Amino acid sequence: MLHPLPGDLHQFGISRLLESEIIFVKREVKIPQSGFIDLILIDSEGLPIIVEVKLNKNKESRREIIAQIFDYVSSLSQLNYSQLNDAVKGELKKDIKIIS
């Protein structure tokens, strides 16, 4: 999501996500063929959430940023649980136990 004001996120229909339990998994996660995902979180159902952080002064266009996120999601969707857990150095297994 590209929006400068986190307080306005409810306008985009993600209030349920903000109200659910979200657990930080790892930052700077290397994903094959895509590079590094800034943050990976999981929700209370164990679904991964990708966060890409960009500075306001970043010169990349919105189109480039969205394409980067699609690359991350595409690559992430090719990983099974074990591969993702390896990518986050075992943190996923620990965090899944917290929510189960």
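The cover over the buried residues of helix H2 includes strands E1 and E2, strand E3 (48–51) and helix H3 (81–87). Here contact means heavy atoms within 4.5 Å, and buried means under 20% relative accessible area, exposed over 50%, partly exposed in between (1.4 Å probe, protein chains only). Helices (H or I, at least four residues) and strands (E, at least two) are DSSP runs, numbered from the N terminus.

The model is predicted: local features need pLDDT of at least 70 and side-chain atom pairs count only at pLDDT 80 or more, while totals for chains, interfaces and linings use all residues. Residues are numbered from 1 along each chain as its sequence is written, and side-chain values use heavy atoms, with hydrogens and water left out.

**Helix H2**

H2 covers residues 62–77, which is 16 residues, and spans 22 Å from its first C-alpha to its last, close to the 22 Å expected at 1.5 Å a residue; the expected span is 1.5 Å times one less than the number of residues. Its buried residues are Ile65, Tyr72, Ser75 and Leu76. Viewed down the helix axis, these fall within an arc of 100 degrees, so they line one face of H2; the arc is that of the directions from the axis to the C-beta atoms. Arg63, Phe70 and Ser77 are exposed on the other side of H2.

**Serine 34**

Serine 34 sits in the loop between E1 (22–31) and E2 (35–43). With a relative accessible area of 18%, serine 34 is buried. Apart from neighbours within four places in sequence, serine 34 is in contact with Asp71, Tyr72 and Ser75. Its side chain reaches the backbone oxygen of aspartate 71 at 3.1 Å. The side chain of serine 34 also makes a polar contact with the side chain of serine 75, at 2.4 Å. A polar contact is a pair of N or O atoms within 3.5 Å; within protein, one must be able to donate a hydrogen and the other to accept it, and residues adjacent in sequence count only if both atoms are side-chain atoms.

**Salt bridges**

The structure holds 2 salt bridges, each defined as a side-chain nitrogen of Lys or Arg within 4 Å of a carboxyl oxygen of Asp or Glu.

| Salt bridge | Closest N to O |
|---|---|
| Lysine 54 – glutamate 52 | 3.3 Å |

Lysine 54 is partly exposed at 26% relative accessibility, whereas glutamate 52 is buried at 18%. Glutamate 91 and lysine 94 both belong to helix H4 (residues 91–99), 3 residues apart, about one turn of the helix. Glutamate 91 is partly exposed, with a relative accessible area of 23%.
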